[in-house]
Amino acid sequence: RGAIVNTSSAAGTQISPLLAGYSGAKGAVVMFSKSLAAELQPKGIDVQVQTPLFVTTKLAKIKKASVTVPSPSTYAKAAVRAIGYDVAISPFWSHALQLWLMDCLPTPLAIAIVSNMHHAIRKKGLKKEAAKLGTTDDKKAQ
């Protein structure tokens, strides 16, 4: 017996405007894991792909844990408990709920929600980058 656990992203299961390359790569992790699971199951090896959403990390730039954003240790405990269950799973309960709700929405609405989130993140990042470079919209216009 053994287990292989891969990590994907919501971008690998949802249409993700502004993240097409990342979304494609994470979607490939999902399909690779599902295919490998079918291949290795007869040998007693569990393969699972876990899909987290946001976790409080420096990368996510989220400092406070909440009902929808667990701390790394809380997420890790849920991830370890989930090993051996479904091939594709979002192990933290509120992440699984959020992904399920997004799947229930009409596709155009789900795309609009994700697109608005990604555009807001991009706008914030561009503003921060401009501040680092000492430029403003006024200076760009000149």
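## Order of the elements

Starting at the N terminus, the elements of this protein follow the order β-α-β-α-β-α-α-α. That gives 5 helices and 3 strands, where helices (H or I, at least four residues) and strands (E, at least two) are DSSP runs. The radius of gyration, taken over C-alpha atoms, is 18 Å, well over the 14 Å that the globule rule gives for 142 residues, so the protein is more spread out than a compact globule. That rule is 2.2 Å times the number of residues to the power 0.38. Along its principal axes, the C-alpha trace spans about 65 × 30 × 25 Å.

The model is predicted: local features need pLDDT of at least 70, side-chain atom pairs count only at pLDDT 80 or more, and totals for chains, interfaces and linings use all residues. Residues are numbered from 1 along each chain as its sequence is written, and side-chain values use heavy atoms, leaving out hydrogens and water.

## Inside and contacts

Of the 142 residues, 32% are buried (under 20% relative accessible area, with exposed over 50% and partly exposed in between, using a 1.4 Å probe and protein chains only). Now take contacts, meaning heavy atoms within 4.5 Å: among those between residues at least 6 apart in sequence, 60% join residues at least 24 apart.

## An aromatic pair

The whole structure holds 1 aromatic pair (ring centres within 6.5 Å, using the six-membered ring of Trp; planes under 30 degrees apart are stacked, over 60 edge-to-face, the rest tilted). Phe92 and Trp93 form this tilted pair, with 6.3 Å centre to centre and 45° between the planes. Phe92 is buried at 7% relative accessible area, whereas Trp93 is exposed at 54%.
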